[in-house]
Amino acid sequence: MASLTINGRQYELEVPDNMPLLWVIRDVVGMRGTKFGCGIAQCGACTVHIDGVATRSCVTPVSAVTGEVQTIEAMADDSVGKKVQQAWLDVGVAQCGYCQGGQIMNATGLLKNNPEPSTQEIIDAMAGNLCRCGTYNRILAAIERVAGKEVSS
Ligand code: FES
Ligand code: FES
């Protein structure tokens with residue numbers, strides 16, 4: 001049994017303690033915006049926030065979750081998340097889109113902790129989120145836009 005708050009709603013779920021949070025979000029709760037990429041904390045596609053901290057849900061057992069979970073579905077109503085999503089649109093970041101929910105969640109987590117990151121801080125913070133389409137330069141430009149810097153591409 002797991003008691004979870006996801007995007008402001010409380011859930012009481014009959015799931016095994018060791019079930020990854022990603023499985024719970026996608027297959028039990030039915031929110032499909034959070035993606036499965038590697039399942040071993042190597043790509044970032046599954047990134048969600050737990051109490052505002054970007055977290056890889058594929059390797060987080062549901063029993064270890066004590067804080068409030070936010071997924072990409074909540075970002076349109078999040079003060080920082082909606083700015084990030086608008087910047088993504090303005091810059092035209094997405095290509096296939098598969099990785100982009102995780103990218104946006106990680107970028108939003110960065111900007112909540114550090115609203116004006118340096119270019120190097122952005123690169124370092126985003127380095128673990130992989131994009132097979134190679135949208136890295138546009139991701140950087142979009143984050144710099146939210147941080148109030150010149151768009152670099
Ligand atoms: S699916 Fe979680 S890091 Fe790749
Ligand atoms: S946009 Fe295709 S994997 Fe990132």
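Of the 11 residues of helix 5 (residues 136-146), 8 are buried, so helix 5 is largely enclosed by the rest of the structure. A residue is termed buried if 20 or more other C-beta atoms lie within 10 Å of its own, exposed if 12 or fewer do, and partly exposed in between, with C-beta atoms placed from the backbone. Helices (H or I, at least four residues) and strands (E, at least two) are DSSP runs numbered from the N terminus. The structure is a predicted model, in which local features need pLDDT of at least 70 and side-chain atom pairs count only at pLDDT 80 or more, while totals for chains, interfaces and linings use all residues. Residues are numbered from 1 along each chain as its sequence is written, and chains are lettered from A and ligands numbered from 1 in the order in which they are written.

The buried residues of helix 5 are Arg138, Ile139, Leu140, Ala141, Ala142, Ile143, Glu144 and Val146. Their cover includes helix 2, helix 3 and helix 4 (119-126); contact here requires the C-beta atoms of two residues, placed from the backbone, to lie within 7 Å. After helix 5 comes glycine 148, with a positive phi near 85°.

Helix 2 (residues 79-91) and helix 3 (residues 100-113) have axes 9 Å apart and pack at an angle of about 125°, which makes helix 2 oblique to helix 3. Axes are lines fitted to C-alpha atoms, for helices over the stretch in contact, and angles run from 0 to 180 degrees between N-to-C directions. Angles under 35 degrees count as roughly parallel, over 145 as roughly antiparallel, 65 to 115 as roughly perpendicular, and the rest as oblique. In this contact, Val80, Gly81, Val84, Gln85 and Trp88 of helix 2 meet Ile104, Ala107, Thr108, Leu111 and Lys112 of helix 3. By class, these residues comprise 6 nonpolar, 3 polar and 1 charged; Ala, Val, Leu, Ile, Met, Phe, Trp, Tyr, Cys and Pro count as nonpolar, Asp, Glu, Lys and Arg as charged, and the others, Gly among them, as polar.

Helix 3 also meets helix 4: their axes come within 10 Å and cross at roughly 135°, which makes helix 3 oblique to helix 4. Here Asn106, Ala107 and Leu110 of helix 3 meet Ile122, Ala125 and Met126 of helix 4, a contact with 5 nonpolar residues, 1 polar and no charged.

The loop between helix 2 and helix 3 contains alanine 94. Alanine 94 is partly exposed, because 19 other C-beta atoms lie within 10 Å. Apart from its neighbours within four places in sequence, alanine 94 is in contact with Trp88, Gln100 and Thr135. Alanine 94 and glycine 134 lie 40 residues apart in sequence and 9.7 Å apart in space, C-alpha to C-alpha.

The protein as a whole is divided into domain 1 (2-73) and domain 2 (75-146), with bounds taken from an automatic or database domain assignment. Over C-alpha atoms, 20 Å separate the domain centres, and 15 residues of domain 1 are in contact with 14 residues of domain 2. On the domain 1 side, strand 3 (47-50) and strand 4 (53-56) are the elements that give two or more residues, and strand 3 gives the most, with 3 residues. That side of domain 1 has 7 nonpolar, 7 polar and 1 charged residues.

In helix 1 (residues 21-29), Leu21, Leu22, Val24 and Ile25 are buried. The buried residues of helix 1 pack against strand 1 (2-6), strand 2 (9-13) and strand 3.
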